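Hi,

Here is the structure I promised to pass on. Have a look at it first, and then read my notes on the side chains below.

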Amino acid sequence: MEKENAVKWSVKDIRRRVRRTVYTKGIKSYIVLIIMVFIFSFVGIIRTNASNEIHRLDMKIGVGAVERDDLFAILDYVEGTKIYKALPEFVSDVIVKPVIWSRLTTYSWIINLFSTNDEYMERNIGEVFAFIVIIVFLYKGVGSFFKKTLSVGFARAVMENRFQKNVQIRRMFAPFGDKKILHIIGVMGKYILVMFLWSLTIVGGFIKLFQYYFVPYLLAENPDITWKEAKTISSEMTKGYKWKMFLTLLSYFYLPLLSMLPFVDLFISLPVSYTLDAELYFTLRQRKDIDRSKFIEAAFDNAAYIDRIKAGEAKEDINPQYILPDFRIKGSDFDERDKYVITDFIAMFFVFCFVGWLWEVGLHIVKDHELVNRGYMYGPWLPIYGFGGVFIIAILNRFKNNKPKLFVSAMLLCGVLEYFTSFVLEFFKNMSYWDYHNMKVNLNGRVCLAGLIAFALGGFLGVYILGPLIKNLMAKLGRKKAIILCSILVILFIADAIICATVGPNTGKGVGKSYSMTELVYYDKLFLFS
């Protein structure tokens, strides 16, 4: 009976299927996979080699951006606590102390804020440390829940990529439709907690890593599954195969080494790694001796696309139909343009202005560990983000059914807007509010390729998600209340603009810089692209 239920496990077949799924289905399929990896890497859900470099850079900046005496004062306080003194010397010096120092340097912007009042720092050094602990706990906790939850969507897209020639990028959002996101957050929260507690046992953590390996994939197939059901089925799937899974993963030992090379992480390591995880899931999903009632997708019972093609099936006949529908926002569609009214665009403008302001302020906190108003104006808004977001949605909304055209158009539109705004500010104020001369592929330091790609991704988010969401919220608010709200915001914005025109724009610390003649001569000698 065991032989009948056993799954044929061939590392050679698994590796062949992974390789062909990633590289042989065509350039479009490969590019879509790369784009999905890039998106999840860009927002920090997938930890890439590049994000490790950013973390190390932040550590270096952190030490240099705050007084080292403040860091050592807090470290001395921690070393003087009863809990620290009660730890074995090896644990405190080799494990705890380096971890605390790492957190202090990474979150030194908190110390910077408190150090503006030296007397407070001296009186309440323990309170400052407590704030750092709380913020680290909240950031790591919320961040982990957020990343693990969204990783379920990424798993879904990779899974579907196994069964069809070209998977739609929007399928990353499929598990979160019909208000399932809160349920997924709850299940993944329990998963994170359980894995953390088991990791404290070291050996147990290693075993549970493989035992609960497929929890995210089970949720990706069936978002209604409970934590108890997911962990039970994953345990049944991996029973007797944990060692084989480990050896199969070990056969890709060279991927971390290759990731040290530029762009290899994005184009090779990550696509292969996540396709491998999906392949392991579908290999063990074939088991007959497990509870299969929670496997809801009949399309996942079929052979992989590449195997069906090899068996002689026609490409046009392979069109899997899934139980899980596309994620849709009420009143909107991924392939049809939306209809907006003027209050919708005004609300979008201020939402994007505020989000842009938060982004710039947050970026400056991470980079320079200082809290400053990064805007040209005095209020919590950056008009370039507002105008850019509204322009993208208003002009490119018609291209919702043509994703490549929308992406390229968003890059061009944002590039023109950013370049023109930079030129106007410099021409009339002789100041630079952003400078990309140190970025690869930039145009006179006013725009750069990396920024345009980020803006294009933001454009996708605006056209497909944020625009329709804001429209629905304004509709719920009611026309009369929407008009009052928009009027108040417009009045405040105009008042801010008048102050900037009469008193002068915000030029606080960390905001822009005035050009000197030396810099002007230097920039004049630069090539157009650097």
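**Side-chain notes**

Tyr252 is buried, at 7% relative accessible area (buried means under 20%, exposed over 50%, partly exposed in between, with a 1.4 Å probe and protein chains only). Before you go further: this is a predicted model, where local features need pLDDT of at least 70 and side-chain atom pairs count only at pLDDT 80 or more, while totals for chains, interfaces and linings use all residues. Numbering runs from 1 along each chain as its sequence is written, and side-chain values use heavy atoms, with hydrogens and water left out.

Back to Tyr252: the charged end of Arg15 sits over its ring, 4.3 Å from the centre. For that call, NZ of Lys or CZ of Arg has to be within 6 Å of the ring centre and within 35 degrees of the ring normal. Lys471 does likewise over the face of Tyr340, at 5.7 Å from the ring centre.

On to the rings themselves. There are 34 aromatic pairs in the structure; rings of Phe, Tyr and Trp (its six-membered ring) pair if their centres lie within 6.5 Å, with planes under 30 degrees apart called stacked, over 60 edge-to-face and the rest tilted. Tyr252 and Tyr254 make a tilted pair, 6.0 Å centre to centre with 45 degrees between the planes. Tyr254 is partly exposed, at 28% relative accessibility. Phe354 and Trp357 are stacked, because their centres are 6.1 Å apart and their planes are at 15 degrees. A search of the whole structure finds 18 salt bridges (a side-chain nitrogen of Lys or Arg within 4 Å of a carboxyl oxygen of Asp or Glu). Lys97 and Glu79 form one of them, at 3.0 Å from N to O. It links helix 7 (residues 89-106), which holds Lys97, to helix 5 (residues 68-79), which holds Glu79, with the two residues 18 apart. Helices here are DSSP runs (H or I, at least four residues), numbered from the N terminus.

Which residue does Glu279 form a salt bridge with? Its partner is Arg162, with the closest N and O atoms 2.9 Å apart. Glu279 lies in helix 17 (residues 264-284) and Arg162 in the loop between helix 10 (125-161) and helix 11 (181-199), 117 residues apart. Both Glu279 and Arg162 are buried.

Finally, a network of salt bridges links Arg156, Glu160, Arg170, Arg171, Glu297 and Asp326.

Cheers
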